[in-house]
Amino acid sequence: MIHVWNHCHNCNAAPIVGRRFHCESCPDGPDTDLCGPCYEKFKEGKIIHPAEDSSAALLEIKEHRFEVLEGKPPDQYESWLPISHPAAPTPGTPGHFVVRPIFSAGMESFIGGYAFAAKVEENSGPLLLTALHVMDEIIKQKGIDCSEQNKSYTGRELPAIITHVDIYDIFAPNWMMAHLGTAGPMLVLPNARTGGEEPYSDRDIAAFRMRDAGRLTPVPLAHRPPVVGDPVWQAARSPEKPGRQLFKAVVVEITDRTLVFKYENQGKKPKYISGSPVLNKNGEIVGISVGGGEFKGALLGHANHVGNIREHLTGNAF
Ligand SMILES: [Zn+2]
Ligand SMILES: [Zn+2]
């Protein structure tokens, strides 16, 4: 049994083979899992959790509670490997639409991964979209349970405490000096949740009205999700130098609940990509990045696709 969407933050095993130990106390992210042998070492005090360079290391978490997961049989992922990458030119995109959000709740603020400015229809106002789990630090700190297990979450609890979002240019050499605008209030999305089983990312979404779009240029949401074999591009920080990179990929699975893609280049990928946009060949948004993984050397990503994004936003006016 394997865990395609998880790697061990101690020994870097990817995927994790056998039982996976997932820390429920750390904010959701790429450094929350250990493989079986590393978990044994952790219990003996021989390794450090959370990882020293992770965001969780900066938090004061008294106790780390681990959940044990068994994984999935590997044969179900084999069909993704032979799907080939179609030749396609990189789509044109505006300068400022992928951003770093800082969420504020009164006097406190929390840095998120990525967010982006999007336009639902031709004449609608801009929205700031991201994955809900990039807000996991604030969610856990405020004791708000918006996980799939909590049936009583209404979608109003989190918007009630988020006062605004400051938006920065994530691609600037010193992003904290590059304020681009502000967003808020947060939209009430009753079906948005954290903690879904990967790659089922259909509920992982957060949306904000734009208060001051500043220098942002919103990008249109596509009208339909891509199909298997279509090229897509994930926009994120280059892992080597400041600036944006569009990582080309091919869609290998699309269902009601997920969009899975396989990267073309197997080189270095940025690690914290959650909340970044996935684009089609026309440069329109087809998904919100939610996670990544590895299978037999192929680098993979999955996203909450535009079909589900549109369903969540239905009933909201902007
Ligand atoms: Zn390990
Ligand atoms: Zn932990």
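**Figure 1. Two cysteines, Cys23 and Cys35, tucked away from solvent.** Cys23 has a relative accessible area of 1%, so it counts as buried (buried means under 20% relative accessible area, exposed over 50%, partly exposed in between, using a 1.4 Å probe and protein chains only). Cys35 is buried too, at 7% relative accessibility. A disulfide is a covalent bond between the sulfur atoms of two cysteines. Here one is called when a pair of cysteine sulfur atoms lies within 2.5 Å, and by that rule the count is zero. Keep in mind that this is a predicted model, where local features need pLDDT of at least 70 and side-chain atom pairs count only at pLDDT 80 or more, while totals for chains, interfaces and linings use all residues. Residues are numbered from 1 along each chain as its sequence is written, chains are lettered from A and ligands numbered from 1 in the order in which they are written, and side-chain values use heavy atoms, with hydrogens and water left out.

**Figure 2. Ser25 and the residues around it.** Look for Ser25 in the loop between strand S3 (20-23) and strand S4 (33-35); helices (H or I, at least four residues) and strands (E, at least two) are DSSP runs, numbered from the N terminus. Buried or exposed, what is Ser25? With a relative accessible area of 12%, Ser25 is buried. Leaving aside neighbours within four places in sequence, Ser25 is in contact with Ile61, Glu63, His64, Arg65 and Lys140 (contact means heavy atoms within 4.5 Å). Take Arg65: it sits 40 residues from Ser25 in sequence, but their C-alpha atoms are 5.8 Å apart in space.

**Figure 3. Ser79, a serine in another loop.** This one is in the loop between strand S5 (66-69) and strand S6 (98-105). Ser79 counts as partly exposed, at 48% relative accessibility. How many residues apart in sequence are Ser79 and Thr314? They are 235 residues apart, and 34 Å apart in space, C-alpha to C-alpha.

**Figure 4. Helix H4 and its cover.** H4 spans residues 306-313 and is mostly covered, with six of its eight residues buried. Which ones are they? Val306, Asn308, Ile309, Arg310, His312 and Leu313. The cover over these buried residues includes strand S9 (126-130), strand S12 (206-212), strand S18 (285-295) and strand S19 (298-305). Just after the helix, Gly315 takes a positive phi of about 95 degrees.

Figure 5. One joins His49 and Pro50, with omega at about -5 degrees. Pro50 belongs to the loop between helix H1 (36-43) and S5. Another joins Glu198 and Pro199, where omega is about 0 degrees. You'll find Pro199 in the loop between strand S11 (179-186) and S12.

Figure 6. Asn12 isn't a glycine, yet its phi is positive, at about 65 degrees. It lies in the loop between strand S1 (2-3) and strand S2 (16-17), and it is exposed, with a relative accessible area of 55%. Lys296 isn't a glycine either, and has a positive phi of about 50 degrees. Its place is the loop between S18 and S19, where Lys296 counts as exposed at 58% relative accessibility.
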